[in-house]
Each structure stands twice: as C-alpha cells, then as structure tokens.
Amino acid sequence: MAKESEKKQHTPHKKIKLGVFGFGCVGQGLYHVLNETHGIKAEIKKICVKNRDKKRILDQTIFTYDKNDILSDREIDVVVELIDDARAAFEIVKTALQNGKHVVTANKRMIAEHLNEIYELQQKYDRSVLYEGSVCGSIPILRNLEEYYDNDLITSIEGIFNGSTNYILTKVFEERKSYLEALKGAQDLGFAESDPSLDVQAFDPKFKLTIAIAHTFGVFLKPEQIINLGIQKISSVDLKYARENNLTIKLVARAYKRDGKIFALVAPQFIPTDHMLASVRNEYNAVLVEGAFAEKQVFIGKGAGSYPTGSAVLSDISALTYDYRYEYKKFTQGESLPFSNHATVDVIISFPKGSLVSPKDFEHFKGGYQGDKYQYMTGSVKLEKLKEWNAWDEVSVILAPEPNLLPIKETNKQLLYA
Ligand code: HSE
C-alpha cells in the first residue's frame, strides 16, 4: 500500500485572473461564453482596447487603453491575446511571458510566423502559450494531436481550415449567390478576416496548416514555404463543370508524410458530392487525420464565429487552471523531417481560349476540352507550376477529385551512368 506521503496530491483547480487584449468578435464571444459557463475559475480583470470612441457593451471601468495596465499587473496570471495585428500581438505575447504570465491566443498568423520563437520563449520563461482557437475555431484539434495522437504515426492531416471560404462556396453553389454577395455575408457574420484577401487567397488556412504541421509532424515551417491557391479565380465555367460532373468545390489544406519528407498544399479541389467533405457546409470546418494504426478519423465543427472561437479560447483558459502546456511531443521526439515542394499533383485548369497554357506545362498531360470561349486541361503538374499559374489572373487551377500529391523521385544520375 502506498504511504500517505507517496499518494498523489490532488491540486484543486486554481482561480485565475485574466487580462484580455482586444474586444472584437472573438473577445466578445469569450466574454459571453465565460459568463455562461458555471464552474470555470477565471475572471476578466481588464480588457485593453485601441479605440476610445467605440460604444462598448460593458461598463467603461473594465477597459484600459494602456497595455501596461495588463502586462505589469502582478495580479493578472493569464494574458488573453485577441487582437488583429499579428506584429503587435507577438510583442504582447513576448512581454507577457517575460513578465511571468501564461498566454492564450487565437492569432493564427502570429503563431504561424513565430512558431519556433514561441516554443523557445515558453521553455525560457517556463510559461505556457495555448492557441487551440487559432486552428479550425471550435474543433479541438491541437490538444488531440498533442495528447491522443502522441504516439500514433500520423501519415496525413487534411481538411477544410477556413470558415469564410467554405461559407462563400456553399452560398455560391447552393443558393447561386454571387461571389461578392457571399463574401459580404461572411464579413457581416464576423467570419472573415478584416482583410478578407487572407481568407479568399488561402493565406489564413495556410497559417492554420503551418501550426497543425508543428503538432502533427513536429516540423516548424515558415508559412511562406507552403504554396497556397485561393478561391478568387473560380469562375462560372468551373461551377458549371462541377455541377455537370456531380462535384462541388472546397478549399482543402493538406499535409502528408511521404518518403521521409513532409509535403503540404492549400488549394481548391473538386470534391465528389458523396465525399465526406462535400457535406461540410457554411462556416463549418473539418479535419481528417490519418494514422498508421488508428487509420482515418474526422473532426467537424464550426471553424469561425464569435461563440465557437470564444469557446476554444475558454477551453484553453480552463486548461491553464490545471497547468496544461503543449509538450510539442512530435518535435521533442526528434523525428524532424525535411519539408519539400518537389512533388506533382493532379489538376483541372480552365482559362480563356488563346491563353498561353500548353500541354507541355504538364508532367503528364491527360487531356483537354474546348468550349466556346474557355478551354480546360487536365493532368499532373509540379507544385512549382501551380505557383507560376497562381500569378496569372486568367488561369483557374482546381485540384482533381483524386489529387494524387506524389513526391518526384530523385534519379541518381551518377548511378545511371556508372
Ligand atoms: N477568417 C477565419 C475563417 C476566422 O474564416 O476561418 C477563423 O479563424
């Protein structure tokens, strides 16, 4: 029998005081879910905002305009960073950690651009930075990757990582709304970024994928290493093609481990209407994880919006009451694989007749079709080629229903000619 002194002490969850930066869509969502959640031992002491003239739903006494009122307040244990500006957010996170505070943030751009530094700052100051709300809103994917999949060999992670574009594509397909009308809907509902080109050009899902890759494969990438194609060039010709072939279009983020390397891509894809992702509509997101042993698993939930994201932020705050921190297990386990864009993928492209696209642009050209004004081509191309086409306004690139993202085999010429 264990002696009294050997028995594990049960530490009751502590009460924590929060200093919040930002009171926009997510900040207000957090305030609401915190108020409605009984039993959580956390309270907001101060909220730092920029705009003095904005009408607020709370009494003015809780607001401050001076970041030091939070960062230098010894009573505040946790800084909750929910502002828009990634650069200012990183400064807040750094100072908060230096001053001995834990941090909860949902700022995907800031985290993706500073993953390595955020990891090191946590070690240096022995404090925790949690950011579940930054990847796919309410879906608890990061803690699952850290805890549940800590020793499964994950081979791929993919899915719908942006709520706004999924909302736009749903409205355009199902309600035949115009792209601009659908985008306005996503903005009015608070799903879109303040610069919506981050959503529609697929930078936002790329930031999220960069973060997910760190927790899936233990590889810290810079977002600019990953190629991202958005939905802004999808034309009525592509929609017609999809409808005629029982397909829909989704913006898919994906990362695979193949041949000892990590490959990743964010791009629109034709999805068969009976595929699981086809039924993920509006601002919902989905994450498909494939492991060597667990095989395929899917998480679906709201990827954007005030309360869903606020609930993920609240869950991180709650985790801090029992001293939770990410261990970055895949990274510390040391299987740091190289990242590569040296791969091919199957695409279907459309462009106005007369554009300078040629079958020679393909590694393997499968065929083409000419309409009155438009032309389609299909086949496999190098990822580098996608980057080139992305800069051409008239070429719309959509991945094939089975995109077959495959590493290009290195041929050892010396051996060949030996
Ligand atoms: N703009 C983002 C989206 C918000 O639409 O998914 C949630 O991260």
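This is a predicted model: local features need pLDDT of at least 70, side-chain atom pairs count only at pLDDT 80 or more; totals for chains, interfaces and linings use all residues.

Me: Is Lys-171 called buried or exposed, and why?

Reply: Buried means under 20% relative accessible area. Lys-171 has a relative accessible area of 12%, so Lys-171 is buried. Glu-175 has 43%, and is therefore partly exposed.

Me: How do you know that Arg-325 is paired with Asp-126?

Reply: The closest N and O atoms of Arg-325 and Asp-126 are 3.2 Å apart. The limit is 4 Å, so this pair counts as a salt bridge.

Me: Why is the pair of Arg-325 and Asp-126 said to tie parts together?

Reply: Arg-325 lies in the loop between helix 12 (306-320) and helix 13 (329-332), while Asp-126 lies in the loop between helix 5 (115-125) and strand 6 (129-130). The pair therefore ties together parts that are 199 residues apart in sequence. Arg-325 is partly exposed, with a relative accessible area of 28%, and Asp-126 is partly exposed at 47%.

Me: What makes Glu-283 and Lys-302 a salt bridge, and which parts does the pair tie together?

Reply: Their closest N and O atoms are 3.5 Å apart, so the pair meets the 4 Å cut-off. Glu-283 is in the loop between strand 10 and strand 11 and Lys-302 is in strand 12, so the pair ties together parts that are 19 residues apart in sequence. Glu-283 counts as buried at 12% relative accessibility, whereas Lys-302 is partly exposed at 30%.

Me: How many salt bridges are found in the whole structure?

Reply: The search finds 21 salt bridges. A network of salt bridges links Lys-108, Glu-193, Asp-204 and Lys-208.

Me: Why is one space called a cavity and another a pocket?

Reply: A 1.4 Å probe fits in a cavity but cannot get out, whereas a pocket is an open set of points. The structure holds one cavity of 30 Å³ or more, and the largest cavity has about 70 Å³ of space. Among the residues that line this cavity are Leu-229, Pro-268 and Val-397.

Me: What is known of the largest pocket?

Reply: The largest pocket has about 1200 Å³ of space. Of the 50 residues lining this pocket, Leu-82, Ile-83, Asp-84, Asp-85 and Asn-107 are the closest to its centre. Helix 3 gives the most to the lining, with four residues. By class, the lining has 18 nonpolar, 16 polar and 16 charged residues.

Me: How many residues line the second largest pocket, and which lie nearest its centre?

Reply: There are 22 lining residues, and Glu-158, Arg-254, Tyr-256, Lys-296 and Glu-402 lie nearest the centre. The second largest pocket has about 470 Å³ of space.

Me: What makes the patch that includes Ile-300 nonpolar?

Reply: Met-276, Tyr-284, Val-298 and Ile-300 make this surface patch of about 340 Å². Met, Tyr, Val and Ile are all classed as nonpolar, so the patch is called nonpolar. Ile-300 is in strand 12.

Technical notes:
Residues are numbered from 1 along each chain as its sequence is written. Side-chain values use heavy atoms; hydrogens and water are left out. On a 1 Å grid over the protein atoms alone, a cavity is a set of points where a 1.4 Å probe fits but cannot get out, and a pocket is an open set with protein on both sides within 12 Å along at least five of seven lines; lining residues have an atom within 4 Å of a point. Grid points are joined across faces, edges and corners, and a volume is the space filled by probe spheres set on the points. Helices (H or I, at least four residues) and strands (E, at least two) are DSSP runs, numbered from the N terminus. Patches are made of residues with over 30% relative accessible area and no salt bridge: like charges are joined within 9 Å, nonpolar side chains (Val, Leu, Ile, Met, Phe, Trp, Tyr) within 5 Å. Accessible areas come from the Shrake-Rupley method with a 1.4 Å probe; for residues, only the protein chains shown count as cover. A salt bridge is a side-chain nitrogen of Lys or Arg within 4 Å of a carboxyl oxygen of Asp or Glu. Buried means under 20% relative accessible area, exposed over 50%, partly exposed in between (1.4 Å probe, protein chains only).
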